[in-house]
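This briefing concerns the structure shown below.

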There are 4 protein chains.
Amino acid sequence: MARPDLLTDDELAAALEGLAGWQVEAGKLRREFHFADFSAAFGFMAASATVAEKLDHHPEWSNVYSTVVVELTTHDAGGLTELDVQLARRMSELAGSVAK
Amino acid sequence: MARPDLLTDDELAAALEGLAGWQVEAGKLRREFHFADFSAAFGFMAASATVAEKLDHHPEWSNVYSTVVVELTTHDAGGLTELDVQLARRMSELAGSVAK
Amino acid sequence: MARPDLLTDDELAAALEGLAGWQVEAGKLRREFHFADFSAAFGFMAASATVAEKLDHHPEWSNVYSTVVVELTTHDAGGLTELDVQLARRMSELAGSVAK
Amino acid sequence: MARPDLLTDDELAAALEGLAGWQVEAGKLRREFHFADFSAAFGFMAASATVAEKLDHHPEWSNVYSTVVVELTTHDAGGLTELDVQLARRMSELAGSVAK
């Protein structure tokens, strides 16, 4: 499927307003999630993994115990696109009620 | 490690009071969990899987889309024990905020 | 997306030749997977969950310790379709080297 | 439970002989795993997550598509212990047949 275009500055600014906790760092969309413990953190990762595979758009992420750090970018496009915003939104929803 | 003793009827009744949504059916502790979608359901399963392995006590469970049905029993003891109550409690906590 | 048509008897027979371990039972494609332990079994489930979500086609499956029983059908079509064959094939690949 | 003692240099050298692909970098036990795709990589992570929770010893790990980078250390002990060796060994086994 065709990859989406890079977001303009205005589009990105608008998207960030709806993405609490996410910010742009070094050109990537980044959020640090904190959970009650490792089990909750990993459950969030498993839920997110199914979404990432469905979107065919995968995070760069790391986990240490109850913390999950997520960085998103669209390599094919060389920056941030609607795909990153979609994945960020779904990850926030999945973490929503369990993130501290 | 030694497996716990069977719960007495009184102990079981007391435990059930603290386990909303769980009931005893055919000698097993059973609960049906409903989630927003498959991703949320599977995230719950992944979180629960880590807990089950830690307790060295594993559920009999099935999943169809957003529903997860869990049945617990302690085979070594031939019935319900404190292990089942512990696992049920942790699964309820993990599902807590995401179950509908 | 449009759901695929039901497989004809000939198409189903041809597909089953390439699906070692799977058989049709009560109109569903069914396979029982056996792994070394619970951790391996659950790893297989997590890998399969990402594939199922990508295909937007989800298994009816159950797990008890190291065993995973999978049943596939396409409810929208009222029987078996190419989607079931695709998911079965991918699950066999994912289990391939770890299933006993 | 009491945390194990730091491994001596000799014990660590002996352990590394049995841990193909692992090396010590900046005081941590490190291995980069490569899989066929994201689904296989995440399945490995899910299997490993259950083991980590059971050992009550969790990895520092990151994932990008089909690659999983794992770093192990025992923070309580200020270095490498038998726990790290155990987790490394189990992760290698779980990846064994699927890692390229």
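D:L16 counts as partly exposed because it has 17 C-beta neighbours inside 10 Å; a residue is buried if 20 or more other C-beta atoms lie within 10 Å of its own, exposed if 12 or fewer, and partly exposed in between, with C-beta atoms placed from the backbone. The model is predicted, so local features need pLDDT of at least 70 and side-chain atom pairs count only at pLDDT 80 or more, while totals for chains, interfaces and linings use all residues. Residues are numbered from 1 along each chain as its sequence is written, and chains are lettered from A and ligands numbered from 1 in the order in which they are written.

- D:L16 belongs to helix 1 of chain D; helices (H or I, at least four residues) and strands (E, at least two) are DSSP runs, numbered from the N terminus.
- Between the C-alpha atoms of D:L16 and D:L72 there are 13 Å, and the two residues are 56 residues apart along the chain.
- Helix 3 of chain D, residues 82-96, has 15 residues. From its first C-alpha to its last, helix 3 of chain D reaches 21 Å, close to the 21 Å expected at 1.5 Å a residue; the expected span is 1.5 Å times one less than the number of residues.
- The buried residues in helix 3 of chain D are D:D84, D:V85, D:L87, D:A88, D:M91, D:L94 and D:A95.
- The cover over these buried residues includes helix 1 (9-17), strand 2 (28-34), helix 2 and strand 4 (67-72) of chain D, together with helix 2 of chain C.

**Packing of helix 2 of chain C on helix 2 of chain D**

- Two packed helices are described by the angle between their axes and the distance between the axes.
- Helix 2 of chain C and helix 2 of chain D, each spanning residues 38-55, pack at an angle of about 145° with their axes 7 Å apart. Axes are lines fitted to C-alpha atoms, for helices over the stretch in contact, and angles run from 0 to 180 degrees between N-to-C directions.
- Among the residues that make this contact are C:F38, C:F42, C:G43 and C:A47 of chain C and D:F38, D:F42, D:G43 and D:A47 of chain D; residues are in contact if their C-beta atoms, placed from the backbone, lie within 7 Å.
- Ala, Val, Leu, Ile, Met, Phe, Trp, Tyr, Cys and Pro count as nonpolar, Asp, Glu, Lys and Arg as charged, and the others, Gly among them, as polar.
- D:S39, found in helix 2 of chain D, counts as buried because it has 24 C-beta neighbours inside 10 Å.
- Leaving aside neighbours within four places in sequence, D:S39 is in contact with A:E53, C:A47, C:T50, C:V51 and C:L94.
- D:S39 and D:V85 are 46 residues apart in sequence and 26 Å apart in space, C-alpha to C-alpha.

**Chains C and D**

- In total, 13 residues of chain C are in contact with 13 residues of chain D. Helix 2 of chain C gives the most to the side of chain C that touches chain D, with 10 residues.
- That side of chain C has nine nonpolar, four polar and no charged residues.
- Chain C is superposed on chain D by a rotation of 180° with 0.0 Å of shift along its axis (RMSD 0.0 Å). The two copies are thus related as by a two-fold rotation axis. Copies are superposed by least squares on the C-alpha atoms of residues with pLDDT of at least 70 in both.
- C:G43 comes closest to the rotation axis of the residues of chain C, at 2.1 Å (C-alpha).
- The same surface serves both copies, as 100% of the contact residues of chain C recur in chain D.

**Chains A and B**

- The contact takes 13 residues from chain B and 13 residues from chain A. Helix 2 (residues 38-55) of chain B provides the largest share of the side of chain B that touches chain A, 10 residues.

**Residues with positive phi**

- Most residues other than glycine have a negative phi.
- A:Y65 has a positive phi of about 50° although it is not a glycine. A:Y65 lies in the loop between strand 3 (60-64) and strand 4 (67-72) of chain A.
- B:A26 also has a positive phi, near 50°, and lies in the loop between strand 1 (23-25) and strand 2 (28-34) of chain B. B:A26 counts as exposed because it has 7 C-beta neighbours inside 10 Å.

Conventions:
Contact = placed C-beta atoms within 7 Å.
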